[in-house]
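Thanks for coming. I have one model to go through today, so please have a look at the sequence and the structure first.

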Amino acid sequence: MIDLAQLDVSSPVSYLVAVLVPALDALIPVLPSETAVIALGVATAGGTDPRIAVLVGLAALGAFLGDNAAYLVGRRFGPAVSRRVFAGERGERRRDWAQRSLARYGVRIIVACRFIPGGRTAVTLTCGLIGYPRRRFVFGTALAGILWASYAFLLGRIGGQAFEGRPWAGLLVGLGLTVAVSGVIEAVRRIRRRQRRRPARAGRSGSAADPAAQTRCSTSPAHVLQANSTRVACPVKEGRASVCTGGDAVRRG
């Protein structure tokens with residue numbers, strides 16, 4: 001349990017918490033890295049001590065180090081990591097999602113996953129497993145760490161200032177805002193995934209149509225062609241027009 005009374009800019013505990021918890025959270029997801037950084041913001045709410053910026057910087061550094069440690073673990077111990085972290089059907093889905101997202105969005109998904117519950121570990125380990133370009137990964141995790149640490153610390157300061165004298169209430173407010181933002185991000189992700197699935201489903205249902213309903217094309221001179229059912233224009237080839245019909249075509253002219 002985090003003791004808010006000890007998280008002060010003058011306490012060495014604050015600096016250790018700022019860097020160690022976000023760093024270890026990448027490999028041990030049960031550690032409350034976001035809660036720790038929000039708690040630091042609550043504990044320093046209302047203060048203007050320049051050492052507050054050091055705490056934010058250390059939190060960003062811890063997140064960066066943790067992400068890159070996960071990359072190295074995935075790169076060096078790929079098969080063992082796959083069996084351990086991505087075991088079972090659910091694990092396979094997580095890995096497949098991470099690979100598709102990296103292929104589609106690149107660095108953007110590395111940044112976004114800092115704010116998606118459970119997404120950080122899946123993406124960072126997968127980057128190592130598939131050999132994602134190291135320079136891009138370093139850039140993405142550096143940017144993600146800075147944005148995430150600033151965001152979490154700011155939420156803590158907002159909660160701490162709103163409930164001055166009641167730090168635990170401020171912490172709960174900060175955590176509530178974090179859950180709300182994460183929920184919105186996850187909802188948007190799910191909506192977009194469903195929207196991408198709809199065209200694929202429509203294409204599959206179209207391809208599974210009754211073969212008896214398939215149309216046939218016949219060719220005749222371009223100026224006249226009559227069919228025994230509804231006429232549908234077909235591509236013109238070498239001066240001859242085609243008409244697709246639901247039955248046998250009849251030539252005239």
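pLDDT is the predictor's confidence in each residue, from 0 to 100, and contact means heavy atoms within 4.5 Å. Where pLDDT is low, the predicted coordinates should not be read in detail.

A word on the conventions. This is a predicted model, in which local features need pLDDT of at least 70 and side-chain atom pairs count only at pLDDT 80 or more, while totals for chains, interfaces and linings use all residues. Residues are numbered from 1 along each chain as its sequence is written, and side-chain values use heavy atoms, with hydrogens and water left out.

The chain has an average pLDDT of 75, and 64% of the residues score at least 70. Confidence is highest in helix 3, at a mean of 94, and lowest in strand 2, residues 226–227, at 42. Helices here are DSSP runs of H or I with at least four residues, strands are runs of E with at least two, and both are numbered from the N terminus. The chain contains nine helices and five strands; from the N terminus on, the order is α-α-α-α-α-α-α-α-α-β-β-β-β-β.

Of the 253 residues, 39% are buried, meaning under 20% relative accessible area, with exposed over 50% and partly exposed in between, using a 1.4 Å probe and protein chains only. Among contacts with a separation of 6 or more, 69% join residues 24 or more positions apart.

Now the interior. A nonpolar core is a set of buried Ala, Val, Leu, Ile, Met, Phe, Trp, Tyr and Cys residues joined through side-chain atoms within 4.5 Å. The largest one has 22 residues, and Val-37, Leu-55, Trp-148, Ala-149 and Phe-153 touch the most other members. Two or more residues come from each of helix 1 (12–25), helix 2 (33–43), helix 3 (51–76) and helix 8 (134–162). A second, separate core has 15 residues, including Ala-98, Ile-110, Val-111 and Ala-144.

Beyond four places in sequence, Leu-55 is in contact with Val-9, Ser-14, Tyr-15, Ala-18, Thr-44 and Phe-153. Helix 2 is mostly covered, with nine of its eleven residues buried; Val-37 is one of these.

What does Ala-70 touch, not counting residues up to four places away in sequence? Ala-26, Leu-27, Thr-124 and Leu-125. Ala-70 is found in helix 3 and counts as buried because its relative accessibility is 0%. Its C-alpha atom is 7.3 Å from that of Thr-121, 51 residues apart along the chain.

Thr-141, in helix 8, also counts as buried, because its relative accessibility is 0%.

Helix 7, residues 119–130, gives the largest share, three residues.
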